[in-house]
Amino acid sequence: MLSVHSARHRPRNHSDRPSRIGLAVAGGGPIGGMYELGALRALDEALEGLDLTRLDSYVGVSSGAFLAAGLANRMDTAQMCRIFITGDSDDVQFRPETFLRPAIFEYLRRAAGLPRLAAQWGQDMLFSRKEARWSDLLMRFGGLVPTGLFDNSRVEEFLRDVFTRRGRSNDFRDLEAALYVISVDLDSGEVVRFGGEGWKDVPISTAVQASAALPGLYPPVELRGRHFVDGALRRTMNASVLLDRGIDLLIGVNPLVPFNQGDAGVAVSRERSLAAGGLPAVLSQTFRTLLQSRMQVGLARYAQQYPDIDQLIFEPNAEDGELFFTNAFSFSARRRICEIAYRNTMADLHRRADTLGPQLAAHGIRLRTELIADSGRSILDGLDTATRHTETTARLERALDDVGRLVATRRRR
């Protein structure tokens, strides 16, 4: 599903300078991240003249923050597909268990408070019978429940390793493009933009760890005496961060939409309703509906507030039950989800080609019509065998790419 807003007026000097393009990548857990990777890979292949690693600015939330940080560090979508999908990368070895290690120290720290709480509760029951109730038990002992099931310190270690090799950087200030990673202060509800003013010194790996700290799954990340959690708690995509920079074209990817079983052509009976799926299905639909509703309000406001900026927002199809019923925190289905996203995005581009053609041409981008018309194309078709690099040759190739880009820019001028 593709939402399009065409700019009412474009600057007259558009032809005299390259368009400033921003990318906003929302969150959605591991499966949401894989959907976004598939969609971005399709855009990378289908849009000639668009280099996703050379945009003006990026904003990422939760799982989308890693993709945004990778692209800002000039890791292209083919590299990331080799890391997460095919597993034949000579750069990064991805192991799903790294992201799903139990938070043992969190469990032990919480359990250590049991004797003290039990003594206090017993004392209240003995000496304050009228005030103390059995119903207080849940609230009193709620502090013993861990704030997260898994240890996200391993996530930070993985990201730090990725962003400190082969010429990449773990420092916002060293990047050529502006990168913003969104998180929320748990104690105040304040939205924090890592990479923005006052927060540029925070390592990118720590910022992504904080942005992806989904309550219940990962514990909050403590930084400067404050506790940070998943950035999607306040806003879904945070595209306004980029729109405020005065970009010319916004590309957004949101992987979570509510499931519409009626659109799937299936009669909804009591047995086939989402309620029959129990609490997980109800919570998933509720969460998706809240996020989608909030984002639609934001997009409507963006169209009014930024009428002269072209905006393209890519989302899954609401009737796609396979996406909805896939465990959002499972890594085992990542290739299949990437493939679905890739084909959905190609189909969206093909379906809206007449509208998109002139709009993209204004930004020096051309649709590869022969490619988007190929309904049988797979995400694996464009992944040639990667050239093997050492640390030295990877840095040299990066430097040569910089030189080539500089020469091309000067020739245009």
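This is a predicted model: local features need pLDDT of at least 70, side-chain atom pairs count only at pLDDT 80 or more; totals for chains, interfaces and linings use all residues.
**Entry 1: the whole protein**

I began with the overall counts. The protein has 15 helices and eleven strands. I then looked up burial: of the 413 residues, 51% are buried. The exposed surface comes to about 20200 Å², and carbon and sulfur atoms supply 53% of that area. For contacts I took residues at least 6 apart in sequence; 78% of these contacts join residues at least 24 apart.

**Entry 2: strand β9**

Next I went to β9, residues 249-253. Are its residues buried or exposed? Five of the five are buried, so the strand is largely enclosed by the rest of the structure. I also checked which way the residues point. Leu249, Ile251 and Val253 point one way from β9, while Leu250 and Gly252 point the other way. Residues pointing either way are buried.

**Entry 3: the partners of β9**

Which strands pair with β9? I found β2, residues 21-25, joined to β9 by five bridges, and the two run parallel. Within this pair, alanine 24 stands opposite glycine 252 of β9. I also found β10, residues 310-314, which pairs with β9 over five bridges, again in the parallel sense.

**Entry 4: helix α13**

I turned to α13, residues 353-361, and listed its buried residues: Ala353, Leu356, Gln359 and Leu360. Where do they lie around the helix axis? Seen down the axis of α13, the buried residues fall within an arc of 135°, so they line one face of the helix. I then looked at the face turned away from that buried side, which carries the exposed residues Asp354 and Pro358.

**Entry 5: alanine 275**

Last, I looked up a loop residue. Alanine 275 sits in the loop between β9 and α10, the latter spanning 278-305. Is alanine 275 buried or exposed? Its relative accessible area is 58%. Exposed means over 50%, so alanine 275 counts as exposed. I also took a distance from alanine 275 to glutamine 285: the two are ten residues apart in sequence, and their C-alpha atoms are 9.8 Å apart in space.

Definitions and conventions
Residues are numbered from 1 along each chain as its sequence is written. Side-chain values use heavy atoms; hydrogens and water are left out. Buried means under 20% relative accessible area, exposed over 50%, partly exposed in between (1.4 Å probe, protein chains only). Helices (H or I, at least four residues) and strands (E, at least two) are DSSP runs, numbered from the N terminus. Two strands pair if DSSP finds at least two bridges between them. Contact means heavy atoms within 4.5 Å. Accessible areas come from the Shrake-Rupley method with a 1.4 Å probe; for residues, only the protein chains shown count as cover. The arc is that of the directions from the helix axis to the C-beta atoms.
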